Amino acid sequence: MQDITFIDGGSLPTPEGLTREWVKTAAENRDEDEKLFSLVRETFQKKINVGVHVPTYPQFRDMIGQFLDIIKDEKNCYEPYVVKDEYAKILELEIIDEVAKQYREETGETLEVRVCIAGPTDLYLQAFGAAPFADAYHIIALDIENFIKQAFKAAKNFKIRVIALDEPSLGMNDRIQFSDSDIISALTLASTYARKQGADVEIHLHSPLKYKLVCETPVNVIGFEYAATPSYIDLLDKKILENSNTYIRLGVSRTDISSLIGMVNETYGVNAWKEKEYMQKIVTDLENPELVKKRLENAFSILGDRIKYASPDCGLAFWPDQDIAFRLLENTAKGINAFNAEMKNQK
């Protein structure tokens, strides 16, 4: 079997002294580029250093707002919600290109990168609410395709291995009133270009309830939060995945930080929000490499080689600080690498 590839969700907490609001303003106004660029490049390099095989550009901005703010601004559009090419850009990709260039100079290899973009359903719900206007839904999907096209143009010194559509609402939000055929059409519009470029297209779901619908689109990787909810795997039929040539991105480390801290508080009789030294228990006692490896083993016994990628369940934006977030990424890398090594030894 092929090694399972470690990808990350993208988002991280900002370093002490900086806020997500500052990053948003700096990215929009472009008046503190040196500080912003240093933040993004240093964080991206740290992801590489702790062992993420295919890192996502660092996300310090709101996933939906990052794209919807551009799409809703009339000066950025040919007509309402039809974004112009020159504005359909992800600034962070331009920033990390310098890190990728240095990586290639030092290793002789081209860095592979995951690019995360808000999906058409979540963007639509934020822009228009629950009323199902199919034409507007498809315009949003075409905007996403445009962002993807510009992302490939920005990849001068790195290769885009995965385009990830962030769609947590699918299977979780009962406000969605679109028909299955409309959802299939929107996901097809948003994903076809990337697939033609040879990239995998992942859909990041919280629950795989709608996975059969996804299997009818060019999206070929389904990601879901297995670590926190192992029973989600029972929703999947391996034969359906095989017949549609669809793979899984498995969440193998938990990211629901409030629940994890609650477990620490209950175990040790403390308030870890105040007694910060107990925060480390999350990455020493709870989400350690051995547990990550065990989760992969359990899931592999059910889905086998349908598992192509593994990652934390979701992003880490609201974790207490960068140190503990990177410790989780490092533990995840160690667990995945140990699993891959064990599988090789069994051959």
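Figure 1. The structure is a predicted model, in which local features need pLDDT of at least 70, side-chain atom pairs count only at pLDDT 80 or more, and totals for chains, interfaces and linings use all residues. Residues are numbered from 1 along each chain as its sequence is written, and side-chain values use heavy atoms, with hydrogens and water left out. The loop that holds Ser 169 runs between β5 (158-166) and α7 (180-196); helices (H or I, at least four residues) and strands (E, at least two) are DSSP runs, numbered from the N terminus. The side chains of Ser 169 and Asp 122 are joined by a polar contact of 2.9 Å. Such a contact is a pair of N or O atoms within 3.5 Å; within protein, one must be able to donate a hydrogen and the other to accept it, and residues adjacent in sequence count only if both atoms are side-chain atoms. Not counting residues up to four places away in sequence, Ser 169 touches Asp 122, Leu 125 and Ile 176, where contact means heavy atoms within 4.5 Å.

**Figure 2. Thr 255 in the loop between β8 and α10.** Thr 255 is placed between β8 (247-253) and α10 (257-268) and counts as buried at 10% relative accessibility. A polar atom of the Thr 255 side chain lies 3.3 Å from the backbone nitrogen of Cys 314. With neighbours within four places in sequence left aside, the contacts of Thr 255 are Pro 312, Asp 313, Cys 314, Gly 315, Leu 316, Trp 319 and Leu 328. Thr 255 and Leu 125 are separated by 130 residues in sequence and by 24 Å in space, C-alpha to C-alpha.

**Figure 3. Helix α3, residues 63-72.** Eight of the ten residues of α3 are buried, so this helix is largely enclosed by the rest of the structure. The buried residues in α3 are Met 63, Ile 64, Gly 65, Gln 66, Phe 67, Leu 68, Ile 70 and Ile 71.

Figure 4. Most residues other than glycine have a negative phi. Tyr 81 is partly exposed, with a relative accessible area of 22%.

**Figure 5. Pro 218 in the loop between α8 and β7.** Pro 218 lies between α8 (211-214) and β7 (221-224) and counts as partly exposed at 25% relative accessibility. Apart from neighbours within four places in sequence, Pro 218 is in contact with Thr 188, Ser 191, Thr 192 and Arg 195. The C-alpha atoms of Pro 218 and Ala 333 are separated by 28 Å, and the two residues are 115 residues apart along the chain.

**Figure 6. The setting of the close-up views in the whole protein.** The protein contains 13 helices and nine strands, and 55% of its 347 residues count as buried. The C-alpha trace spans about 55 × 50 × 45 Å along its principal axes. Of the contacts with a separation of 6 or more, 76% come from residues 24 or more positions apart.

Terms used:
Buried means under 20% relative accessible area, exposed over 50%, partly exposed in between (1.4 Å probe, protein chains only).
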